[in-house]
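Please consider the sequence and the three-dimensional model shown below. The paragraphs that follow lead through selected sites, pockets and backbone features.

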Amino acid sequence: MTKPPLDILLCAPRGFCAGVVRAIDAVEKALAIHGAPVYVRHEIVHNKYVVENLKRKGAVFVRELDEVPDTEAPVIFSAHGVAKSVPEAAQVRNLFAIDATCPLVTKVHREAQVHFKRGRHIILIGHAGHPEVVGTMGQLPEGAVTLVETVDDIARLQPADPSNLAFVTQTTLSVDDTQDMVDALKGRFPTIVGPHKEDICYATTNRQGAVKRVAPQVDAMIVVGSPNSSNSQRLREVAEREGCPVVRLILRAEDIDWSLFGAVRSLGITAGASAPEILVEEIIDAFAERYEVSVESVSTADESVFFPLPRELREQAAE
């Protein structure tokens, strides 16, 4: 039997960003230098495939530091960032802590600290409970930051001093949704101070831009990524908003519901910033077993960003 034709449009950029590469490299370099185990607080990035792969190499993932025994082994903090109390607790226990926080998340932390020192109350646009939001709010005393998730939350704000506010954002949000919220903040509080350069990271912006280009052209769209990955979920939402009839967030080829793709003749594929390219290739191969596929890359931005390893690992590697 001849296979039906399928045109695949591959979004570019897609997949790993510089912060994710740095965080994964930090765990692998620590394992290479120190051997197993290397302890990692929380998932180093939000991707089950990546985490399971690092576990096989000797990484031990824990939710909190009290799960780490007294050890000289490295303890790595994830790319999402941590509250100030976490490195302080590690120092009290003399743990060898390595901070793999993405430098673009660290930028948001520093912005919040500067605003606080200047006496401003900080509004954080983000998703409650996300590790990045927990880490950002944990940079400052309780009550110094107010989290808003929707435009309605902004309408309900009652700050003590409406003329002395600043805002920062989670780095992995929807560009369009966040702009709506920033506009709402500026509408209510015209003197509110924003970041010098927007907080949503380049990788989030670029991946969403590629999806906006591809989603209107295809019958279906697959976002490769984990359900707990914020930037992957935002890519799914962007594709739906652009009118793509079938959009699914999928971790592995084995998760594909083939009943959704029977009549599809064009397919867009992208990947969240924590999803490795091998999973994209696996999904293309799965479609190639059922369809006569042609693959075209649709590029909307070039990425050349690089972040060096955390200082402790750079020094040890040099030695």
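In which loop does Cys102 lie? Cys102 is found in the loop between β5 (96–99) and α4 (103–117); helices (H or I, at least four residues) and strands (E, at least two) are DSSP runs, numbered from the N terminus. The model is predicted, with local features requiring pLDDT of at least 70 and side-chain atom pairs counting only at pLDDT 80 or more, whereas totals for chains, interfaces and linings use all residues. Residues are numbered from 1 along each chain as its sequence is written, and side-chain values use heavy atoms, with hydrogens and water left out.

Cys102 belongs to an annotated group. In an unreviewed entry, UniProt places the feature "binding site" at Cys17, Cys102 and Cys201; UniProt positions are given in the numbering used here, feature names are shortened, and annotations may be inferred rather than shown by experiment. These residues are spread over 185 residues of sequence, yet they cluster in space, with a largest C-alpha distance of 10.1 Å. The lining of the largest cavity includes Cys17, Cys102 and Cys201. On a 1 Å grid over the protein atoms alone, a cavity is a set of points where a 1.4 Å probe fits but cannot get out, while a pocket is an open set with protein on both sides within 12 Å along at least five of seven lines; lining residues have an atom within 4 Å of a point.

Not counting residues up to four places away in sequence, Cys102 touches Gly19, Arg22, Ala79 and Phe307; contact means heavy atoms within 4.5 Å. Cys201 lies in the loop between α7 (175–188) and α8 (202–214). Because its relative accessibility is 10%, Cys201 counts as buried. With residues up to four places away in sequence again not counted, Cys201 touches Leu104 and Thr171.

Another buried site is Asn231, in helix α9 (residues 230–241). Its relative accessibility is 11%, so Asn231 counts as buried. The side chain of Asn231 reaches the backbone nitrogen of Ala273 at 2.7 Å. Leaving aside neighbours within four places in sequence, Asn231 is in contact with Thr172, Thr204, Gly272, Ala273 and Ser274.

Of the 18 residues that line the largest pocket, Phe77, Asp99, Thr101, Thr106 and Arg110 are the closest to its centre. β5, α4 and α11 (311–318) each supply at least two residues of this lining, and α4 gives the most, with 4 residues. By class, the lining of the largest pocket has 8 nonpolar, 4 polar and 6 charged residues. Here Ala, Val, Leu, Ile, Met, Phe, Trp, Tyr, Cys and Pro count as nonpolar, Asp, Glu, Lys and Arg as charged, and the others, Gly among them, as polar.

The second largest pocket has a volume of about 340 Å³. Among the 23 residues that line the second largest pocket, the closest to its centre are Arg41, His42, Glu43, Val62 and Arg63. α2 (48–57), β3 (59–62), α3 (85–92) and α5 (131–137) each supply at least two residues of its lining, and the largest share, 4 residues, comes from α2. The lining of the second largest pocket comprises 8 nonpolar, 9 polar and 6 charged residues.

His42, in the loop between β2 and α2, has a positive phi of about 65° although it is not a glycine. Asn94, in the loop between α3 and β5, likewise has a positive phi, near 60°. At 66% relative accessibility, Asn94 counts as exposed. The peptide bond from Ala12 to Pro13 is cis, with omega near 5°, and Pro13 is placed in the loop between β1 (5–12) and α1 (18–34). A cis peptide bond also joins Ala36 and Pro37, with omega about 0°; the place of Pro37 is in the loop between α1 and β2 (38–41).

Key
Buried < 20%, exposed > 50% of the residue type's maximum accessible area, 1.4 Å probe, protein only. Polar contact = N/O pair within 3.5 Å; in protein donor to acceptor, adjacent residues only side chain to side chain. Points joined across faces, edges and corners; volume = space filled by probe spheres on them.
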